[in-house]
Amino acid sequence: MALCRDNDSSTLSEDVMTEILLRLPVKSLLRFKCVSKHWYKLIKSPRFIDHHFNHDSNKSSLLIYHYRRQLHRRIFSLCEDEMFSRLEEPEHLQFPFLVHIIGPLNGIFCVFNCRGGDWVGHGALWNPATREFHAIPVSRPNVPSYYFPTKEEIGLGLDPLTNNYKVVRIFWDENIDHNAPNPSLISVYDSGTDSWRHFEDNDLVIKDLKEPLGNTYLNGSYYWLMDDCSRNYAVLEFDMSTEVYKEIEVPDCVDSHCVYLTLYDNALSMLSFDENEVRKSVDVWVMKEEGCWIKQFTLGPRLNINWPLMFWKNGEIFLESNSHALILFNLNTSECRNIGVSRESRNCDLFVYKESLVPIKGQSDFPSIQNFFELQPMPM
């Protein structure tokens, strides 16, 4: 640090010093902003933030939100070791109550409070690495008193034209008569304006919308899988810039009881399987271009798969075994590794997480996101 004070005659070039800084973790960089005005400006610059996030030294970690029987609640465990030999439980990641978490996108999560059974109310954008967060205003769409949606899906994306984060909430009523026109409700939060826009007048009729396996934001759009409850599927795409949705066809032969969207090798993909099969086979479909799907490969049945979960890296996928163990399967070597976490009752969500310096605009005055949620009134 002595080399880095203002007016220092260091022999290290600017490029070398920047390269050293790019290799450091977020926690160190936050401290080093105080070293000098130059470093402060450098570390806060969008160019440095982007290079640091994508630097080879910034490895992906596995973040697991799972049920801890001894505590009678769900906790976050972080594994930064590529061999998954040690799971840590950082205090700043823990919530004293249930939360619903979407993401991450550039290291940013969208978190909703489930306290009182209502996670559709209070929410926040959250950067766990910097511990910054910004409270999202409660969404209050103007809907008729008789309209009471029973289900909701949420997506987190980035508007590539403005670099603003957007949260998309889609509501629908699963109990309505689908032969009668009763469209869904779409609400969009924009971090740039810190406000919601509501699209009550749309013709999108939903019978069921399935939560993806992981974040399915890709190239400016977020994707969900639509199901008409008769195994006829379509992909719903929402463009984060134009705020326009459209439907994308999937092959007619994809008619399994369970079909889920996820990302595989930076492409939209579907995992198709039948839940009731004892020895499951999982078909993996990849969309090469809009509406053009190719069956990439099939997993099982010798793997004893109970549920596919998420693609990792280097040709690996997380699976839940028939004994509810979390395992990592390598598609290239056929090697299986037990991670040492149980997914019993499916109370376990996985996230591919990388630390990020991305700032949260309009950081809240509360000392922590946990404190913010605790001080919000319970839903009526």
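1. The side chain of tyrosine 245 comes to 3.2 Å from the backbone nitrogen of leucine 204. That pair is a polar contact (N or O atoms within 3.5 Å; within protein, one must be able to donate a hydrogen and the other to accept it, and residues adjacent in sequence count only if both atoms are side-chain atoms).

2. A word on the basis: this is a predicted model, where local features need pLDDT of at least 70 and side-chain atom pairs count only at pLDDT 80 or more, while totals for chains, interfaces and linings use all residues. Residues are numbered from 1 along each chain as its sequence is written, and side-chain values use heavy atoms, with hydrogens and water left out.

3. Tyrosine 245 lies in strand 15, residues 245-249 (strands are DSSP runs of E, at least two residues, numbered from the N terminus). Tyrosine 245 counts as partly exposed because its relative accessibility is 22%, with buried meaning under 20%, exposed over 50% and partly exposed in between (1.4 Å probe, protein chains only).

4. Beyond neighbours within four places in sequence, tyrosine 245 has contacts that include Ile186, Asn202, Asp203 and Phe238 (contact: heavy atoms within 4.5 Å). Tyrosine 222, 23 residues apart in sequence, is 9.5 Å apart from tyrosine 245, C-alpha to C-alpha.

5. Elsewhere, an open antiparallel sheet of 3 strands runs in the order 2-1-24. Strand 2 (73-79) and strand 24 (348-353) are at the edges with a single partner strand each, so one side of each has no neighbour in the sheet.

Definitions and conventions: Helices (H or I, at least four residues) and strands (E, at least two) are DSSP runs, numbered from the N terminus. Two strands pair if DSSP finds at least two bridges between them.
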